[in-house]
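Here is a short report for a first look at this structure. Start with the overall layout, then turn to single residues.

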Amino acid sequence: MIGVYGGLLDKFPAGAWMNRALTLRTGQCHVQRYMKPLLQRIERGELDPTRVITHRLPLDEAERGFELFKNKQDNCEKVALKP
């Protein structure tokens, strides 16, 4: 799991994970280290992040977007909010 430390996990299926003999590794995401180079590559057209955006909503629908993402409704992967 790559990301930012989120504290205690709730409803994590540890039993299913252990029964399948899976290995779980974690680590902090070095956002500060990679953000500037990634943005530069996007600006140069080397990377196209739009393929991960599944929903585009106006800012006033942010709560709906959060619910879509949180509950993985409508095949939601990433919500982009437009001001």
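## Burial and surface

A residue counts as buried when its relative accessible area is under 20%. The model shown is predicted. Of the 83 residues in the protein chain, 8% are buried. The chain exposes about 7,700 Å². Carbon and sulfur atoms supply 56% of that area.

## Layout of the chain

The protein chain has three helices and four strands. From the N terminus, their order is β-α-β-α-β-α-β.

## Helix α2

Helix α2 covers residues 31-43, which is 13 residues. At 1.5 Å a residue, the helix should span 18 Å. Its end C-alpha atoms are 18 Å apart, so the two values agree. Just after α2 comes Gly45, with a positive phi of about 80°.

## His55

Is His55 buried or exposed? Its relative accessibility is 9%, so His55 counts as buried. His55 lies in strand β3, residues 55-58.

The side chain of His55 makes a polar contact of 2.8 Å with the side chain of Thr54. Leaving out residues up to four places away in sequence, His55 touches Leu68, Gln73, Asp74, Asn75, Cys76, Lys78, Val79 and Ala80.

## Aromatic rings

How many aromatic pairs does the whole structure hold? A search finds zero. The ring of Phe69 does have a charge over it: the charged end of Lys72 sits 3.7 Å from the ring centre.

Terms used:
Residues are numbered from 1 along each chain as its sequence is written. This is a predicted model: local features need pLDDT of at least 70, side-chain atom pairs count only at pLDDT 80 or more; totals for chains, interfaces and linings use all residues. Side-chain values use heavy atoms; hydrogens and water are left out. Helices (H or I, at least four residues) and strands (E, at least two) are DSSP runs, numbered from the N terminus. The expected span of a helix is 1.5 Å times one less than its number of residues. Rings of Phe, Tyr and Trp (its six-membered ring) pair if their centres lie within 6.5 Å; planes under 30 degrees apart count as stacked, over 60 as edge-to-face and the rest as tilted. A charge sits over a ring if NZ of Lys or CZ of Arg is within 6 Å of the ring centre and within 35 degrees of the ring normal. Buried means under 20% relative accessible area, exposed over 50%, partly exposed in between (1.4 Å probe, protein chains only). Accessible areas come from the Shrake-Rupley method with a 1.4 Å probe; for residues, only the protein chains shown count as cover. A polar contact is a pair of N or O atoms within 3.5 Å; within protein, one must be able to donate a hydrogen and the other to accept it, and residues adjacent in sequence count only if both atoms are side-chain atoms. Contact means heavy atoms within 4.5 Å.
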